[in-house]
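Trainee: I have the sequence and the coordinates open. Can we go through them by question and answer?

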Amino acid sequence: MAITVKTMHRPEPGRTSYLRAAVKGMSLTLRHMLNPSTVTQQYPEEQTELSPRWRGTHRMEVHADGRPKCVACGLCPTVCPANCIRLVGGEDDQGNRYPIVFEIDEFRCIFCGMCQEVCPVEAIHVGRHFENAEYTRERFVYDLDRLMEQDHPVTLLWDPSDPAGE
Amino acid sequence: MSDNTTTETVTLTVDGQDVTVAKGTTILQAIDQVGTEIPHYCYHPGLSSPAMCRLCLVEVEGAPKLLPSCVTQATEGQVVHTESENAAGMRRGVLEFYLVNHPLDCPVCDQSGECKLQDYVFAEGRERGRSREPKRIFGRDDFGGDVLFYGDRCVMCTRCVRFMEEIEQKPLLTIVDRGTRSIIDTFFDRGLEEAEWGGNVVDICPVGALVSKDFLHKARAWDLKHTPSVCGSCSQGCNIDLHTRDNLVHRIKPRFNADVNGHWMCDYGRGNYEWMNRSDRVEEPTFVDDGRAVQLGWDVALEALEQRLAGVTGGVKAVVSASWSNEDLGAMAKFVESLGGGEIVFRSARAEDESPLRGFPSLARRRDLVPNIKGAELLGMTRVGGDEGRGGLEGVADHDGLIVVLGDDLADQDEFFGSKASLFVYLGAHTSVGASAAHFTLPVSTFAEQKGTFTNHEGIVQEFLPALEAPGSARPASHVISSLVGAPA
C-alpha cells in the first residue's frame, strides 16, 4: 500500500470569518429557546423511570411478624457467581431454620439476580433502586437487618404471582 | 447363601452385559458389579434385607412379575433388565407414592444434597406430583442422644430399626401404627441416649428423617469438603471422613473398611472433633535468647536450636503424645537416639472398659482413648501416668538435662515444669501453662492438618490425609524433628 501525504488546506488566520459559524450556532440556541423539548432531567427533583427489569441492591422480604422470610437453605451463596453472600444458618426459638448471619457484599455483587431466581421462598430480591451512596466502604456489606429495612420496589424480572415463569 | 461352594460362580446378563458373580450373590450386588446402581432404600450392605421399599424391583426374563433384586439370588443364565419399560415405570410409580406424604422441605432439610429421595426423584421421578390430598403431618420428635426425627420425611425403610436390632442389638427403635400412619418411634420414655452407636442411624437414613442435632442447620452438604482420615478418639482406628468447611471440622462420618469398622463408628468418636477447631494454638516458632522471646521464623529458630543442642548435657527425657502419627513419633525416636538415647514416655487417657458393637464383633470403642498407642509402643515408648491421662511426669519435671515434649499439652503441669532443664523444647499444637519454661516453643500440626499414619490396636497401619490448614507457621512434627536429627549431639 502506497503511502500518500494528504495536505490540509486550512484558512489562514486573519483571513477567516467566524460569522457564519456563529450564526449557525446561535440559530440552534434560538431554536431550542422557541421549542423547548427538554432533554435535561432535573435529578434529584425528578426521578428516572427505571426499567422493570432493573437489578439494583438487595432487599429481604419479611413475614408479618417481622421475621425474615429466609430459611437459610444456602442456595443463594451456592449459586452466586461473585461469591458475595455469606450465610450461617441456625434454629430460632420456634424450631424454624433461619439465617443467623446473612451478609451481602454489594461491592462484589454483579447484580445478575440469580439469588432472587434461585430463592425457594421468595425472600431475597434485587431492587429497582440505584441510590446507594455511603460515607464508608464497610456500609456496603449489607447485613440481615439492613436488608430487611430496605423498602425500595423489587425488580419485576420475575412475576411474583408466577415465580416459575409459566 | 452358599456354604462350601464359594468358588462356584454363575453368569447372568444385566442390561445386555454379562457378569460373573459368586453363587449366592443377590441380583442387586451383581448389578453393582456391572457398575450401575439400582435405586434402593431398605437394602443396606451392612444390614439384612426385608425387601420392603419396592424400589429395587427388576425385570427378570421368565419371572411372572418384577423381582426385588436385593433378596433375589443371581442364577445361571438369568437375563435382568433394570431399564425396561416395566422396571423403570415401576420405579417412577413407587417414587410418586413416596412423595405423596413427603413434605418436600428440601430448603430446610439437612439431608438436602446427600438425600437419596432427592437423587432418585431428580433422576427418574415425575416432574410434578398428581396428589392433591393434604399430606399427613407428624412433626418432629427428639429420639435422644444426638438424633432428631422428622417423621414427615421418613420413607419407612426401617434401616434404623434394623441397625438397632441387628448391629447394636439394643432394640430402642420400632415401628408403631400401620399403613400411612406407621412411624418410627422410641419406647415411651426411653431413647437413643441409652445407645452408644446411635449416631449410625443418622448415616444410614437415606433421607432427612433422622438428622444429627449437633449438625442441625450448620452447613449444607455440598459445601463440605470430605477428607479421608482415621478417627483419633481410640485405638480402634475407625476409618472416617472429616467434613470441613471454612477450615473447621463440622462433622465426622464413618468411611467403609471391612477389616476395621465396617460401615459404623461410635458416638464418642463422632462427637469428639471440637478440639480440632481449637483456636488457642501455638502459631510461630519462638525461642528464648538472653531472656527475650525471639520470633524470627523457622530457619533462625532451628539454627539456634541446633547450636543449643550441641552444648546440652545431662541426658535426654522426652514426653510424646500417642495422638501424633507414626512418622512424628518415629522422627522423635530417631532424634532421641541421635542424642545418645534416653527415656521416651507418653500419657494417655484410658476408659474403664471397652464398649463393643455386638453385631460387628471386631469393632469396639477401645479402652485406650488415643489412636496411636500401638505405634508408640512399637517404637519403644512407655506409657506413664494415670487412666485420666495425667500425672507420671515427676521424673521429667525436674530433669536437669534436655527435655523434649511433643504433642502432650502438659495440661496438669504448672509453669515450673522443666524450669531446671538445661534445654526444654516444646513441640506442641496448643498453648499451655506447662510449657511456660520452654526455651524453644515450636508449633506443630495436629493429625487433622497433616498426612501420616496411625497403627491401630491390631497393628494395622492406616493413612490419614490433611483436612485442615495448620495455623500460622505450624509444621508436621516429623519435618521439624528430622531437620534436627543431623545436628551434632
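Trainee: Why does B:A51 count as partly exposed: how many C-beta neighbours does it have inside 10 Å?
Mentor: A residue is buried with 20 or more other C-beta atoms within 10 Å of its own, exposed with 12 or fewer, and partly exposed in between, C-beta atoms being placed from the backbone. B:A51 is partly exposed because its count inside 10 Å is 18.

Trainee: What pLDDT do local features need in this model?
Mentor: Residues are numbered from 1 along each chain as its sequence is written, while chains are lettered from A and ligands numbered from 1 in the order in which they are written. The model is predicted: totals for chains, interfaces and linings use all residues, side-chain atom pairs count only at pLDDT 80 or more, and local features need pLDDT of at least 70.

Trainee: Where is B:A51 placed?
Mentor: B:A51 is not a glycine, yet its phi is positive, about 55 degrees. Helices (H or I, at least four residues) and strands (E, at least two) are DSSP runs numbered from the N terminus. By that numbering, B:A51 sits in the loop between helix 1 and strand 3 of chain B.

Trainee: Where does A:F111 lie?
Mentor: A:F111 is not a glycine either, and its phi is positive, near 55 degrees. A:F111 counts as partly exposed because it has 16 C-beta neighbours inside 10 Å. Its place is the loop between strand 3 (97-105) and helix 3 (114-118) of chain A.

Trainee: Which peptide bond is cis, with omega near 5 degrees?
Mentor: Look in the loop between helix 1 (19-34) and strand 1 (58-60) of chain A, where A:P44 is found. The cis bond runs from A:Y43 to A:P44.

**Chain B and its sheets**

Trainee: What share of chain B counts as buried?
Mentor: Chain B has 11 helices and 25 strands. Its C-alpha atoms fill a box of roughly 85 × 50 × 40 Å along the principal axes. Of its 489 residues, the buried share is 45%.

Trainee: Which strands are the edges of the five-stranded open sheet?
Mentor: Strands pair if DSSP finds at least two bridges between them. This sheet in chain B has the order 2-1-5-3-4, with mixed pairing. Strand 1 (residues 9-14) and strand 5 (residues 79-81) of chain B run parallel, joined by two bridges. Pairing on one side only marks the edges, strand 2 (17-22) and strand 4 (67-68) of chain B.

Trainee: What angle does helix 2 of chain B make with strand 3 of chain B?
Mentor: Axes are lines fitted to C-alpha atoms, for helices over the stretch in contact, and angles run from 0 to 180 degrees between N-to-C directions. Helix 1 (residues 27-34) of chain B packs on the sheet and makes about 125 degrees with strand 2 of chain B. Helix 2 (residues 85-98) of chain B also packs there, touching strand 3 and strand 5, and its angle with strand 3 is about 165 degrees.

Trainee: How many residues does chain A give to the contact with chain B?
Mentor: Residues are in contact if their C-beta atoms, placed from the backbone, lie within 7 Å. Chain B gives seven residues, and chain A gives 11.

Note on methods. Two residues are in contact if their C-beta atoms, placed from the backbone, lie within 7 Å.
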